[in-house]
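This briefing covers selected local features of one model, grouped by topic. Please read it beside the sequence and coordinates.

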Amino acid sequence: MPKSQFINPDVVRKKGRIKFSDIPVNSYSKSVEEEKGSYTNAEFIGIYRDMALIREFETMLNSIKTTNEYNGITYNHPGPAHLSLGQEASAVGQAFLLDKDDYIFGSHRSHGEIIAKGLSAIRKLEPAELNQIMETFFGGAVLKAVSTINKSGDIKAVADDFLLYGTLAEIFARKTGFNKGLGGSMHAFFTPFGIYPNNAIVGGSGDISVGAALYKKINKKKGIVIANIGDASMGCGPVWEGICLAAMDQFRKLWEGDYKGGLPIIFNFFNNQYGMGGQTCGETMGYEILARVGAGVNPEQMHAERVDGYNPLAVIDAIRRKKAVLEEKKGPVLLDTLTYRITGHSPSDASSYRTKEEIEAWTRNDSLEEYAAKLAEAGVATNTQLESIREDVRNIITRICRLATDDSISPRMDLSAEPNLISDLMFSNARAEKMEDRECETLMKKEDNPRVRQIAGKIRTAFENGKPVSKNKVYQFRDAVFEAIIDKFYVDPTLVAYGEENRDWGGAFAVYRGLTEALPYQRLFNTSISEGAIVGSAVGYALCGGRVIAELMYCDFLGRAGDEVFNQLSKWQAMSAGVLKMPVILRVSIGSKYGAQHSQDWTSLCTHIPGLKVVFPATPYDAKGLMNTALMGTDPVVFFESQRTYDIGELFHPGGVPEEYYEVPIGEPDIKREGRDITILTAGATLYRALEAADILEEKYGISAEVIDARSLVPFNYEKVLESVRKTGKILLSSDACERGSHLKDMAQNISELAFDYLDAPPVVVGAKNWITPAHELENYFFPQPAWIIDAIHEKIMPLKGHVATSSCTPVEQLRTTSLGV
């Protein structure tokens, strides 16, 4: 919505045609002889050795999976192993020109990419740096294991073994693996070599990798990013959304200075013709040739082409040319790397969906054998030399396999002796004021910002001299969130914020009003309506070392970002065994007035997922303090905000909201009203209805209610609640989430178990109806009301003298509604 871009109807309504350019298909045609000026003999042979290492590594895994044996080593591996037999040339060709500053992201079938990229990085690293990486990674644990089989003193040779062993130990769930066995086959990675997380969710790297490219662009880091995904992932949302985000015009038209230009990313599709058993060409997709898709994305057609992935030199040539495109800031790029997997989707796949003749035809085109023949024909190496390499490779993989299956050297995590090993990795719980120590890029001094100056003139408490402060003068909830965020933009140079309507508009609910004037485009920008990619790219940006505030305009849109929130944002810290940090604040606005698809409280979905911190402030003081805490941490925080509270001033904290920096600890509830007869625990905006109920209880029935605001949902310290229950003997819990499956049910269960001896009645939960959210005019029949709270106390906890219930919450009604599923 930049005013600088005028959409002229006289122009856009003109008759015309869209013109497309030809997309190259398998255009590389040079022989090894013709390439001798570009490669040394050692490089030609090194390419062959790398391919052979991947082939033998995957052959070993296939043998273990299907026969429980490899070269006399007996082992049972019950876990996954999606093999890339046949795809070696495409992985090695891609990695040849890449170094540690170039990042690759992969899929469930990425063992070959890990090995190829790692070997390429090892060749380019200086011995001293290589040795330091191995000695410091997990305190040298991986190197110590490798040292038992390689005492040569040759750092490069040791590093090769380090790479192969760390990868295999990870696949076999060993503590000496690159992620201590918590990632496994489908998630293994090693960031010091530029190998970033591989992803078990098909297409999962499609948007995460865009975040990595954003990180490099915004923070001026060296290198490019490659998303290695399969041809079937072209049907997946994260890939399409990631491509849309990566191709946004604003990078070339609105970003300024050194930041102007496209993202440094290649979407590389390892096109092995199949997604599970579905044949992408001719059955499950309609593109015929995948590279065609680039033509529909931008005028440059994503510089798309198909490359013969069975020829490593063809892939190297393509990567060299595409790297040049990215260095000219003309990305993104799409590569359709033609290849084939000889084996099934996994070793248990009998390939019943394809013919024996097809597999045999591709086997006759075996990339390893074909490349070997070309080397021999060009006089680069003799068949004897090449066979010697194959034999050496077999010996290497054999000793690596023996080491990775040796329980005495390669143990698994001992969760009997140390039962908290995994739980201790779920959150990093670290503090980082800034993710990098350098100057923050801004457009003005903070004190000159018009919104900052406006807020300075506001009254920071809801009442003054016993009277309510008017809406236009009171310091509101939205001001509190803004104040915490703008402060951090002047402290952490890596901090970025993006989502729908973030720039110019000031956010859909005016929280960001004033940020546009303060921040250049690369730090605050609008995205495509791609909720999945908004969150997925935030994951990629954060795991590379930056800090992000991503925004979902409505809580209801969590479904559009479900995988990214529930499988990506939440899991990578633990799956990395603490290698990665995830400083992402996901702001989620819970709606009101907008009906069934824009007014739902889905906090319970997030609290159910391990690895997410979940907060839900209801007051300006708590909003600022919790946002400050979230922005100081390195964990993912889902920051829920109710649209009902954006205009509210501070009612509880003496003196109002402080101007200076302060923090509210995540996980600590707060007593908003003291009482002695019953405890009411609320989450979110229901706090204010509970306070109304407390007033009625006091005035009409002489009942003193203690009202506690949860503030946080995960983690949650129950001590203050239990202390209250020990005093009152009774508790009711309420929020705007639908009652069935609500997180408050889980909290009620915990309170029952922890305070059983003190309870005079079971904890009662009052939530929204198990309906669709109706129109605004009917919301009082859907969301908890003060009368509902009082009725539930009367019917389920303690009779209130003279009270006549207006809503039915009797056991009979409860049985009726549950039997109907409503």
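Leaving aside its neighbours within four places in sequence, which residues is His111 in contact with? They are Phe57, Glu58, Leu61, Ala81, His82, Leu83, Ile171 and Ser185, where contact means heavy atoms within 4.5 Å. This is a predicted model: local features need pLDDT of at least 70, side-chain atom pairs count only at pLDDT 80 or more, and totals for chains, interfaces and linings use all residues. Residues are numbered from 1 along each chain as its sequence is written, and side-chain values use heavy atoms, with hydrogens and water left out.

**His111**
- His111 belongs to helix H4 (residues 111–124); helices are DSSP runs of H or I with at least four residues, and strands are E runs of at least two, numbered from the N terminus.
- With a relative accessible area of 0%, His111 is buried (buried is under 20%, exposed over 50%, partly exposed in between; 1.4 Å probe, protein chains only).

**Helix H2**
- The 27 residues of H2 (residues 41–67) should span 39 Å at 1.5 Å a residue, the expected span being 1.5 Å times one less than the number of residues.
- The end C-alpha atoms of H2 are 38 Å apart, which agrees.
- Asn68 follows H2 and has a positive phi, near 60°.

**Ser734**
- Ser734 sits in strand S23 (residues 731–738) and counts as buried because its relative accessibility is 0%.
- Ser734 and Asp647 are 87 residues apart in sequence and 22 Å apart in space, C-alpha to C-alpha.

**Tyr781**
- Tyr781 is in the loop between strand S24 (764–768) and helix H26 (786–797).
- Tyr781 is exposed, at 56% relative accessible area.
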